[in-house]
Amino acid sequence: MLEPDIEIETIKQLYQALGPRVPLRIDPNSAWTVETSVKVGCALAEELGRGGYLEDPTAGLENMAEVRRRLLAQSITTPLASNVAVTLSRTFPAQ
């Protein structure tokens with residue numbers, strides 16, 4: 001994983017080289033804060049919003065939900081995906 005600003009520039013360069021028909025995604029493996037996740041989501045709204053997505057930018061369902069709320073508040077609808085946030089047993093309701 002690279003620093004967020006380098007990740008942003010890398011995705012922008014890939015988008016420029018490959019065009020909008022190739023969906024791109026970025027997966028920092030829950031390493032970022034909510035603030036960094038939102039910053040990256042805003043910076044890459046165009047590049048990830050065309051069939052791509054932001055995967056596990058931050059840890060936990062609550063933090064993922066906060067990233068989603070903040071992006072939507074700025075009219076950014078880039079999908080978020082997770083295969084980490086929902087794998088902890090404490091995230092499932094008790095039966």
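A residue is called buried when its relative accessible area is under 20%, exposed when over 50%, and partly exposed in between, using a 1.4 Å probe on protein chains only. At 7% relative accessibility, glutamate 47 therefore counts as buried.

What you're looking at is a predicted model, where local features need pLDDT of at least 70, side-chain atom pairs count only at pLDDT 80 or more, and totals for chains, interfaces and linings use all residues. Numbering starts from 1 along each chain as its sequence is written, and side-chain values use heavy atoms, leaving out hydrogens and water.

Glutamate 47 belongs to helix α3; helices here are DSSP runs of H or I with at least four residues, strands are E runs of at least two, and both are numbered from the N terminus. Setting aside residues up to four places away in sequence, glutamate 47 touches Ile11, Lys12, Tyr15 and Leu24, with contact meaning heavy atoms within 4.5 Å.

Now for helix α1, residues 4-18. Pro4, Glu7, Ile8, Ile11 and Tyr15 are buried there. They sit on the same side of α1 because they cover an arc of only 100 degrees around the axis, taken from the directions from the helix axis to the C-beta atoms. Asp5, Gln16 and Ala17, on the other side of α1, are exposed.

Aspartate 56 sits in the loop between β2 (53-55) and α4 (61-73). Here are two side-chain polar contacts (N or O atom pairs within 3.5 Å; within protein, one must be able to donate a hydrogen and the other to accept it, and sequence neighbours count only if both atoms are side-chain atoms):

| Side chains | Distance |
|---|---|
| glutamate 47 and lysine 12 | 3.1 Å |
| aspartate 56 and serine 82 | 2.5 Å |

Methods: The expected span of a helix is 1.5 Å times one less than its number of residues.
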